Amino acid sequence: MFFNRFFTTKLLLAIGLGILPIASFAVTQKEMEQARVIAAKTYIRYANDLSGYLDELNPTTMEELQAVLKPKEKENIKAFLAIPVPTDYASWDKQQLVDYWAGTAFKDQGLEEKGRGGRVRARALINKMDIASAAPEQPREEPKQEEKVETPVSSEAVSGEEALAIAAADNGLPQETEAEVAAQDEMATLDMQEPEKKSESSDTWVYIMILGILVAVVIALVVYAANVMKKSNKEELRERRNNNDEGIDAEAQEKYENRIADKDFEISRLNKKLEAANQQNADLKSRLEALAAELALLKEKRPAEKVEVATSSGMSRQPVMEREPVSVAKSESKTSLRMIYLGRANARGIFVRADRNLNPGYSIYVLDTSDGFSGSFRVAPAAEAWELALSNPAEYLMTACVGHNLEDTSGVSRIVTEDSGTAIFEGGCWRVIRKAKIRYE
């Protein structure tokens, strides 16, 4: 019976020691600091395009990172340092560490929008970190039972009555004969045999049942452990594949984002140059127009015209001396009238070119103005202007004129202005106020 209990105890102890706890991954203070440094470095790298020197540095603490920063990056990192550091990271796994420093931290309202682009790079770098596994708990040792040490007796030693005599002498007992001792042993054996048989028969089936239950539990645990290991291996393999794919995608995305940033900077620089050139061109046009107007006023001197008033039907025309003051007034008004040849009008109704004389290949309209601020325009009565306008009516005519079926130019040789349009001079250029009405012939 003692042997059965001892065997059961050993079996239970072996099962307890065989089922070791699965090592869990936990984040240490050093790993938390390293992930924070990685996130801060990628943020300030994306916040300032001129911080490329950070790509060659690999600090592990915030003190090391701040020690190598330039003034611009020291200013940018202040917003990131304001992000709180969690205190319960000891219970985190690697995924929670990645989600916080590559996700939650980059959503903080104090960060610059440009620096948030570093979250993809931060996720890839933090995923490459090795998270140390927590030390498994050591199983508690069961107190060892004291074992009785029996001293074997040599077979060459004395036997029979002599051994009994020696034992009795050593213990201070009276000596007994071998027959008496055998009789006593036989009686004790008969007294103990019957109750021991009964006890063994009553406990055996209990141990058999417990042993069967333990065997079933062990089999179930082995099957469960095998399934858990298979599932864990599959998830680890899938995570590695995802991390590899994500790392490749992050590098490609970073490359494209840097290229796009360079292109945006180049476009911005060219736009500024274009604006400066347009402003300079507008100023030059304005000065040219002012000089042309001043020159026209100096050169244009037309002689006074006589006005003849027709008498009744069938009578000859005679000059009327009484109307001469009116003729003088008309002559003076015509003297200040000047002509400007204009090119095509753009989609906003602004004439893109102005010349003092007809410029073949560019001039389409002619404008009459007396004050230099407003005037009436019409299609220039010149074959060169007609040919250019009819080559593309949508571009040269329809932005400043109206008429019937202007796009149909088949068989057309000339353009007639039925009603002149109106234009004003503002911002250094002439702009259409009312379109001219034309027809084809």
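**Questions on a predicted model**

Colleague: Where is the place of N405?

Modeller: Helices (H or I, at least four residues) and strands (E, at least two) are DSSP runs, numbered from the N terminus. In those terms, N405 has its place in the loop between β7 (401-402) and β8.

Colleague: For side-chain atom pairs, which pLDDT is required?

Modeller: Residues are numbered from 1 along each chain as its sequence is written, and side-chain values use heavy atoms, with hydrogens and water left out. This is a predicted model in which totals for chains, interfaces and linings use all residues, local features need pLDDT of at least 70, and side-chain atom pairs count only at pLDDT 80 or more.

Colleague: What is the phi of N405 near?

Modeller: Most residues other than glycine have a negative phi. N405 is a residue other than glycine, yet its phi is positive, near 50°.

Colleague: Is N405 buried, partly exposed or exposed?

Modeller: Buried means under 20% relative accessible area and exposed over 50%, with partly exposed in between (1.4 Å probe, protein chains only). The relative accessibility of N405 is 44%, so this residue counts as partly exposed.

Colleague: How many residues of α2 are buried?

Modeller: Helix α2 (residues 29-47) has 19 residues. The helix is mostly covered, and the number of its residues that are buried is 16.

Colleague: How far apart are the end C-alpha atoms of helix α2?

Modeller: The expected span of a helix is 1.5 Å times one less than its number of residues. For the 19 residues of helix α2, the span should therefore be 27 Å. The model agrees, since the end C-alpha atoms are apart by 27 Å.

Colleague: Which residue forms a salt bridge with R121?

Modeller: A salt bridge is a side-chain nitrogen of Lys or Arg within 4 Å of a carboxyl oxygen of Asp or Glu, and the structure holds 17 of them. For R121, the closest N and O atoms are 3.6 Å apart, and the partner is E254.

Colleague: How many residues apart in sequence are the parts that this pair ties together?

Modeller: R121 is partly exposed, at 23% relative accessible area, whereas E254 is buried, at 18%. R121 lies in helix α6 and E254 in helix α8, so the parts tied together are apart in sequence by 133 residues.

Colleague: Which residue meets D99 in a salt bridge?

Modeller: D99 counts as partly exposed, at 34% relative accessibility. Its side chain meets another at 3.6 Å, N to O, and the partner is R123.

Colleague: In which strand does R439 lie?

Modeller: E418 and R439 form a salt bridge, with their closest N and O atoms 3.3 Å apart. E418 lies in strand β8 (residues 415-419), and its partner R439 lies in strand β11 (residues 436-440).

Colleague: What is the area of the nonpolar surface patch made by W205, M209, I213, V217 and L221?

Modeller: Patches are made of residues with over 30% relative accessible area and no salt bridge: like charges are joined within 9 Å, and nonpolar side chains (Val, Leu, Ile, Met, Phe, Trp, Tyr) within 5 Å. Accessible areas come from the Shrake-Rupley method with a 1.4 Å probe; for residues, only the protein chains shown count as cover. W205 is found in helix α8 and is exposed, at 53% relative accessibility. The patch has an area of about 480 Å².
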